[in-house]
Amino acid sequence: MTRLNPKVDFAFKKLFGSEENKDIFISFVNSIVSKEDQICDIEFKNPYMEAEFVGDKKSILDVKAKDLNGRYYNLEVQIKGQEYYDKRALYYWSRLYTSQLKKAGRYETLNKTVSIHVLVYNRLEDKGFHNEFKILNTKTHKPHFEDLEIHVIELEKFNKALPQLKSALDLWVTFLKEAENYSLEDIPKELEEVPEIKKAIVELETMYFNESEIDIYDARLKWFRDQHSELMYVRNRCLKQGKEKGLKEGREVGIKEGKEKGLKEGKEKGLKEGQMGRNFEIAKMMLKDKESIDKIIRFTGLTKEIIHSL
């Protein structure tokens, strides 16, 4: 298996945010954005630097880049859910967007800004592991204010097996989810078809860390595992509580429905028996008045045999 886990933000930034790995960043981003926004080269705005992580275990380790057309990109991985994730996502997008406007700059210098969030946990109610957000006209659904674009990739929602992989994004998400289970000797052939993914696996296997970087990675890895374990615990507890609540409510509904059904059936039976008793009395009175059997049948609905037995 690979020596490093790409879902640990420290390794993620070194893998996707280093100058020597520009092609990895470009390939991954191109698997997400539209055909019109495909990029061929980028300039990192905050390249990987060991010094920025020293003594900091909880900073946001994102990758910022600018392509040849002036578009800006922000790429990051998150392992822990946040109550105000939506506001935070917009805030960091807006910071990168407004950072383009230099002192005394002009609005026409602002360019499209794309945020890509890789979430290890589930956040959105939307189905599908990849959801794209833009500003739309609510009547026509036509995109407008096209400089804003946010992509959310939820790894937990992705459950395709290797033979089911179709798109480049399928392959990249499989890499992110499973890379720590691969090695140089057993890279799946489906992933080898993308040179940048193969390179990424090799990088994770051979990436050099000096002593301080190893300490930083180990600390972030421990934090990652602790947070992931907490997420799994909370999720399983919620599932258990939801199941128990569902069973309880199901029992209560069943008892209520059974009671209501019993009352309804009892009432119907009582009414039916009451009506039958009245028909018997009517039949007896008509027999006493020497009415014909056919007439009694028409009035009471009783059978000829029942009438004769009265």
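**Aromatic pairs**

Mentor: Begin with Phe-16, which is buried (under 20% relative accessible area, with over 50% exposed and partly exposed in between, for a 1.4 Å probe and protein chains only), since its relative accessible area is 0%. This is a predicted model, in which local features need pLDDT of at least 70, side-chain atom pairs count only at pLDDT 80 or more, and totals for chains, interfaces and linings use all residues. Residues are numbered from 1 along each chain as its sequence is written, and side-chain values use heavy atoms, without hydrogens and water.

Trainee: By what is a pair of aromatic rings described?

Mentor: Such a pair is described by the distance of the centres and the angle of the planes. Rings of Phe, Tyr and Trp (its six-membered ring) pair if their centres lie within 6.5 Å; planes under 30 degrees apart are stacked, over 60 edge-to-face, and the rest tilted. The structure holds 9 aromatic pairs. In one of them, the centres of Phe-12 and Phe-16 are 4.6 Å apart and the planes are at 40°, so this pair is tilted.

Trainee: Where do Phe-12 and Phe-16 lie?

Mentor: Both belong to helix H1 (residues 9-16), 4 residues apart, or about one turn of the helix. Helices here are DSSP runs (H or I, at least four residues), as are strands (E, at least two), numbered from the N terminus. Phe-12 is likewise buried, at a relative accessible area of 0%.

Trainee: Which residues do ring pairs link into a cluster?

Mentor: The cluster joins Phe-12, Phe-16, Phe-28, Trp-172 and Phe-175.
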